[in-house]
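Welcome! Here is a short briefing to read alongside the structure.

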2 protein chains.
Amino acid sequence: MQKGKEEICEIAYIDRKKVSSVKKKMKPEATMQRLAETFKVLGDPTRTKIIFALSQEELCVCDIANLLGATKSAVSHQLRILRNMRLVKYRKEGKMVFYSLDDDHITNLFSECLRHVEEDD
Amino acid sequence: MQKGKEEICEIAYIDRKKVSSVKKKMKPEATMQRLAETFKVLGDPTRTKIIFALSQEELCVCDIANLLGATKSAVSHQLRILRNMRLVKYRKEGKMVFYSLDDDHITNLFSECLRHVEEDD
DNA sequence: AAAATGATTGAACACTTATTCAACTATAAT
DNA sequence: ATTATAGTTGAATAAGTGTTCAATCATTTT
């Protein structure tokens, strides 16, 4: 490390064998990005609650807003994000739009994470 | 909605029965917050990769930095966040600090999310 | 046709956050 | 002791994000 700036780590101490072994097992960059993005979408309290609510019942925007104590606008913005990630689907009925979960995996993800969060330390 | 501002949704159309039924099933606010926070921590590409790497092997900071193509500093900052969330633990050996996963649940969460991400549309 | 309502949207704002840089600590080697 | 190195830390910066507000769309009702 002679250079002024801190370079991408090239120090003598790295265990090259271990590193290359792990490197092989790493998923492709694109997969990692999607993994991170999925977690990120679930990682906002409003969206977390929306998804949890929808795992119980199909609901319209207004119901969700009422349930969370949020404005329709805020909920709608978040629903758009969930829609883009294909986590929720919707059904129009007159003026109203009913949302529901589009993916069973997410429910499993939630139960698994809940188990983690609810376990006593 | 006579008021000028858009109030917390109190529209006539809400299905009160449905809403209160779901409300009962909702987890406490604190649980929701922790759920969201957990997902959020997993929802950054750098941290996602760190956790995935540590699920394969115990690694020192320098190895992780090398593996991800990031600086030690950036990795160290993220490791602190993971430490605070009790997702990783560490072990000192001379100058080096070896990190490993502190929680088995996380591995399950990852496989579940990977299954979701890797499935064909 | 006009009014009302559920829902969506874009812009603005405040807030958060990840990385970089530089300084620093602690341990090991010379 | 001095030097080198693994790692941590705080401040600064740039990028991203969630909510609010106002305007708008679409459908229904009068």
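**A first look**

Helix 3 of chain A passes helix 4 of chain A in a right-handed crossing (the near helix is turned clockwise from the far one by less than a right angle; helices are DSSP runs of H or I with at least four residues, and strands are runs of E with at least two, numbered from the N terminus). This is a predicted model, where local features need pLDDT of at least 70, side-chain atom pairs count only at pLDDT 80 or more, and totals for chains, interfaces and linings use all residues. Residues are numbered from 1 along each chain as its sequence is written, chains are lettered from A and ligands numbered from 1 in the order in which they are written, and side-chain values use heavy atoms, leaving out hydrogens and water.

**The helix pair in chain A**

- Thr46(A), Lys49(A), Ile50(A), Ala53(A) and Leu54(A) of helix 3 meet Ile64(A), Leu67(A) and Leu68(A) of helix 4, where contact means heavy atoms within 4.5 Å.

**The sheet in chain B**

- Chain B has an open sheet of three strands in the order 1-3-2, with antiparallel pairing (two strands pair if DSSP finds at least two bridges between them).
- At its edges lie strand 1 (59–60) and strand 2 (88–93) of chain B, each pairing on one side only.
- Strand 1 of chain B is joined by two bridges to strand 3 (residues 96–101) of chain B.
- Cys60(B) has Phe98(B) in strand 3 as its bridge partner.

**How the two chains relate**
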